[in-house]
Amino acid sequence: MNTALLAERIDGKGFAATLVNQLTDEVNDIKAATGLTPGLAVVLVGEDPASSVYVSAKHRQTLAIGMQSFVHRLPADTAQADLMTLLDALNAANEVNGILVQLPLPAHLDTHAVINAIDPDKDVDGFHILNAGRLATGQDALVPCTPLGCLMMLKDRLGNLEGLNAVVVGKSNIVGKPMAQLLMAENCTVSVAHSKSRDVPALCRSADILVVAAGCPELVKGDWIKPGAVVIDVGINRIERDGRSRIVGDVAFDEAGHAAAITPVPGGVGPMTIACLLANTVTAFKRQHHHVTTKAVVAV
Ligand code: NAD
């Protein structure tokens, strides 16, 4: 059944472009008010091709909104101690307001130790244990970019989320867990499904809001989706089909026509993730400079 034309397509690309325009204005206001330019440092260890593409995109977009970008590309065999020394220097640098270490790191590095070495107030990925704890306990946190972007699109589409049944498929620290925390903070009734859950299709059918971040191409079939649900597809999967390589999400998009709305892949969650990274860098700058009172573009 191909009913995809009926569901509203949530235009993440357009949404991200609007957010980026607002952030550009805000960066200009900050420069005028303080004489300072917010800066983002990105650290890449190794030469993973996908990571390298992401880092270049972050660099380009950071510069495009008028911020400073500092990219540190380190060899794959970088020692943990050398990476820690770089993070210490970035933590201390006044011109660096946000720090991001591109994941995954090479296997010899201790990812938790690296993330927790970032100053939590510069942790624009929101992965530091303090930010995770603040989010979980309803305190002011830097929130991971992908779920933050998902929440912004959900609130734009649905307004008040209170009381809605939300199902999150996937429980990673990067997407699933913080997504569930954010939805709980909106007073949704939240269920989290994962690879060991018993009846994932039945759970999904109960969802008014369905967020899927499993990393399994087209896992969620049409009959897993409740009519009228809003579906956010976080997955990015490269597959071969009809002799061509293509990117698909974790939801069988062509079977989701009875949803009220769905994010396409590509063009949905992906563009919002980088926009939210830029937003988090502006937020981090403002927290580090309490006197800056420009209007907040992103509030959760
Ligand atoms: P992960 O591998 O860390 O976690 C996957 C989660 O999905 C796990 O909790 C696992 O238990 C669950 N899962 C796997 N198979 C399942 C199944 N059959 N049924 C139910 N649950 C299942 O992945 P991640 O880092 O959270 O990323 C998930 C997906 O989102 C990937 O495709 C990734 O590329 C994509 N992603 C996209 C963005 C973006 O900006 N759009 C950002 C981050 C991740």
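Pro 266 is found in the loop that runs between β11 (261-262) and α9, and the bond joining Val 265 to Pro 266 is a cis peptide bond with omega about 0°. Helices and strands are named here from DSSP runs numbered from the N terminus (H or I of at least four residues for helices, E of at least two for strands). This is a predicted model, in which local features need pLDDT of at least 70 and side-chain atom pairs count only at pLDDT 80 or more, while totals for chains, interfaces and linings use all residues. Residues are numbered from 1 along each chain as its sequence is written, and side-chain values use heavy atoms, with hydrogens and water left out.

Another cis bond, with omega near 0°, links Leu 103 to Pro 104; look for Pro 104 in the loop between β4 and α4 (111-116). Asn 187 is worth a visit too: this residue is not a glycine, yet has a positive phi of about 65°. Asn 187 sits in the loop between α7 (176-185) and β6 (189-193). As background, most residues other than glycine have a negative phi, and most peptide bonds are trans.

The protein is divided into domain 1 (35-119) and domain 2 (144-271), with bounds that come from an automatic or database domain assignment. Their centres, taken over C-alpha atoms, are separated by 29 Å. Both domains give residues to the lining of the largest pocket, so the pocket lies between them.

A pocket is an open set of points on a 1 Å grid over the protein atoms alone, where a 1.4 Å probe fits, with protein on both sides within 12 Å along at least five of seven lines; lining residues have an atom within 4 Å of a point. The largest pocket holds about 1,300 Å³ of space, where volume is the space filled by probe spheres set on the points, joined across faces, edges and corners. Of its 43 lining residues, Tyr 54, Thr 146, Ile 236, Gly 270 and Thr 273 lie nearest the centre. Helix α2 gives the largest share of the lining, seven residues. The lining divides into 25 nonpolar, twelve polar and six charged residues; Ala, Val, Leu, Ile, Met, Phe, Trp, Tyr, Cys and Pro count as nonpolar, Asp, Glu, Lys and Arg as charged, and the others, Gly among them, as polar.

## Helices that cross at α6

Helix α1 (residues 12-34) packs against helix α6 (residues 145-158) at about 100°, with axes 11 Å apart. Axes are lines fitted to C-alpha atoms, for helices over the stretch in contact, and angles run from 0 to 180 degrees between N-to-C directions. The two helices are therefore roughly perpendicular (65 to 115 degrees). Gly 12, Phe 15 and Leu 19 of α1 touch Met 152, Met 153 and Asp 156 of α6, contact meaning heavy atoms within 4.5 Å.

Helix α6 also meets α9: their axes come within 8 Å and cross at roughly 110°, so α6 and α9 are roughly perpendicular to each other. Among the residues in contact are Met 152 and Met 153 of α6 and Met 272 and Thr 273 of α9. This contact has nine nonpolar, four polar and no charged residues.

Definitions and conventions: Parallel < 35°, antiparallel > 145°, perpendicular 65-115°, else oblique.
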